[in-house]
Structure formats: structure tokens, C-alpha cells
Amino acid sequence: MSENQNLLAEQRRALIVDEVRRRGGVRVNELTRRLGVSDMTVRRDLDVLARQGVVEKVHGGAVPVVEASTHEPGFEAKSGLEPTAKENIARAAAALVVPGTAIALSGGTTTFALAHHLLDVPELTVVTNSVRVAEVFHTAQRGTGRRPGAATVVLTGGVRTPSDSLVGPVADQAIGALHFDLLFLGVHGISAEAGLSTPNLAEAETNRRLVRSARRVVVVADHTKWGTVGLSSFATLDEVDTLVTDAGLPARVRDEVTERLRRLVVAGESAEDGGTDEADEPDGTDAARGTGGAGGSTEAAEG
């Protein structure tokens with residue numbers, strides 16, 4: 001980490017979390033020196049991160065939180081994690097959507113961000129088991145009235161989870177009777193060995209139904225999800241067509257992903273950063289090509 005007194009609080013905290021996870025712990029005096037800020041600023045950052053549940057404060061510093069594989073954070077707790085990365089991912093993922101298609105959005109804070117970017121895509125049919133995602137579309141329609149071409153939203157029934165997803169037999173039955181062109185799937189964890197996983201057994205089964213009902217599966221997950229393993233796996237990497245992630249994903253992991261998936265989209269990187277762009281989707285869409293700036297992306301594909 002380089003010293004920079006002008007880092008935004010969000011950037012500072014992201015750097016702190018990365019350092020804690022990479023090293024297994026860090027001291028306050030090390031962070032003040034590397035970030036070029038005061039002890040008080042670092043301690044305030046650690047207080048915020050501890051409240052969000054991503055680090056544990058100890059005497060003189062912080063260590064990673066060791067979470068059980070059954071631990072499921074609530075929606076609000078997850079909303080404060082990696083907000084810039086999620087916004088970049090959402091913008092890049094929205095570029096994959098073709099007007100007039102049927103898409104599905106699972107629960108999660110990244111799919112919630114994505115929903116906001118889909119409001120102006122015409123003639124969509126949106127299937128979701130996320131109360132929060134459905135509310136994005138319903139709120140927009142209440143505010144402006146029913147616009148020509150506004151999305152038709154299908155919200156499954158089911159039992160509500162801490163992350164405001166609807167799961168269980170009712171949701172499973174509703175999803176199993178549907179077919180959609182594209183599924184955007186938020187995940188608790190992703191790894192080469194465990195695939196996609198969640199700490200909630202009922203949510204795992206509902207996610208399996210979503211994957212089976214989709215023609216193409218797009219996982220939207222920031223770099224911190226890689227290597228996390230929840231209690232129950234619901235899909236292998238071979239069942240995923242595209243991973244949309246952020247620039248924090250290490251190069252070695254990108255190589256591993258491109259060996260298993262057809263397409264990798266790295267949001268927030270420009271083509272000059274060294275990415276390649278090789279993949280054409282079956283329906284002719286391109287993923288966030290030429291958007292530039294924070295919303296730009298680089299792509300790599302195998303096959």
C-alpha cells in the first residue's frame with residue numbers, strides 16, 4: 001500500500017481489509033505509516049470495518065474475522081462491503097443484457113446494484129427471488145408511472161432469508177416452471193474446488209433451480225468472494241458461462257478462471273491495463289466494451 005493522505009475513506013478501508021486478509025493481521029502503527037494518516041483515522045476505519053463484520057479488532061491492530069461456513073450476513077451488512085467494485089460490476093454486467101429478453105436476478109447486493117442499471121433497458125421480463133431487486137423496479141414505476149417498455153417483474157414467493165432472498169419449496173416450484181435467457185447470480189463464495197456456495201441450505205436449492213432454468217449463467221462477484229466457501233455448494237464452475245468481477249482479482253486467479261469458464265469480464269479496467277477481448281456471445285452482445293473510465297472492462301475467454 002502506498003502512502004496517500006488524499007485516499008477516500010472507502011479506498012482506505014478496502015486497502016486495510018486487503019492487507020489484513022493477505023497478512024493475517026496488521027498493526028495500527030503499520031497502517032498509519034503505509035497510508036500516511038493519523039492513528040485516530042486508522043482506528044476509526046477499524047471501528048467501521050469491525051461493525052461491518054469484516055475484521056476483528058485486537059490490541060494494537062486487527063485480524064481477519066473467522067466465519068463459520070453457516071454464517072450468513074444480513075443485506076445491510078453486505079451493502080457496505082466493496083461498494084465501488086459492486087457498482088463497476090453492475091455497470092459491466094448490464095451491458096450483457098439485450099432488450100426484450102427474459103432475465104433472472106438472484107438475491108444479493110451486487111444484483112441489487114445491477115437492477116438499477118437495468119431500469120432503462122426496454123421490454124425486459126425480470127424474474128427474481130430478491131425482495132430488494134423487485135423493489136428497485138416497483139419503486140421506479142411508482143415514481144414515473146408505467147412507462148412504455150418498462151420491465152415486467154415476476155417475484156417468486158418463498159421464505160425470506162437474512163439477505164432478503166425468497167427461498168424454499170414455493171420459490172423452487174415457481175422458478176422450475178420458468179425459462180430465462182440469462183441469469184445473473186450473486187454468490188456468497190466461489191472457488192475452484194467448491195464452485196459456487198452459500199451458507200443457507202434452502203437458498204442453495206433455490207439457486208440450483210435458477211441455474212437449471214437459465215440458458216446462460218453469469219456470476220457477478222467481487223474479488224473478495226474468491227476462496228470463500230459456504231456450507232452448501234449449488235453449482236460447479238463448469239456450469240457458469242461468464243464471471244463478471246473487479247480489478248482486485250489476482251492474476252493467478254484470473255488464469256485459473258479462464259481455464260474453466262468461457263468468459264471473464266473484469267470491470268473497472270481499461271483495455272490498456274492488459275486485458276484481452278476475444279469472446280462474442282451467441283446472441284451477438286458484447287460485455288461493456290468501450291465504456292471506458294470506472295465502468296470500463298477487460299475480457300478474457302477460453303475456447
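Start by selecting residues 189–191 and 195–198: these are strand 10 and strand 11, which pair in the antiparallel sense over three bridges. Strands here are DSSP runs of E with at least two residues, numbered from the N terminus, and two strands pair if DSSP finds at least two bridges between them. Before you go on, note that this is a predicted model, where local features need pLDDT of at least 70, side-chain atom pairs count only at pLDDT 80 or more, and totals for chains, interfaces and linings use all residues. Residues are numbered from 1 along each chain as its sequence is written, and side-chain values use heavy atoms, with hydrogens and water left out.

Now click on G189: across from this residue, in strand 11, stands S197. Follow the chain and you'll find a hairpin of three residues joining strand 10 to strand 11.

Is S232 buried or exposed? S232 counts as buried because its relative accessibility is 9%; buried means under 20% relative accessible area, exposed over 50%, and partly exposed in between (1.4 Å probe, protein chains only). Leaving out residues up to four places away in sequence, S232 touches L196, S197, T198, L201, A204 and R208. Contact means heavy atoms within 4.5 Å.

Last stop: D181, in strand 9 (residues 180–186). With 27% relative accessibility, D181 counts as partly exposed. Show A102 as well: 79 residues separate the pair in sequence, yet their C-alphas are 5.4 Å apart. Beyond its neighbours within four places in sequence, D181 is in contact with T101, A102, R215 and R216.

Technical notes. Helices (H or I, at least four residues) and strands (E, at least two) are DSSP runs, numbered from the N terminus.
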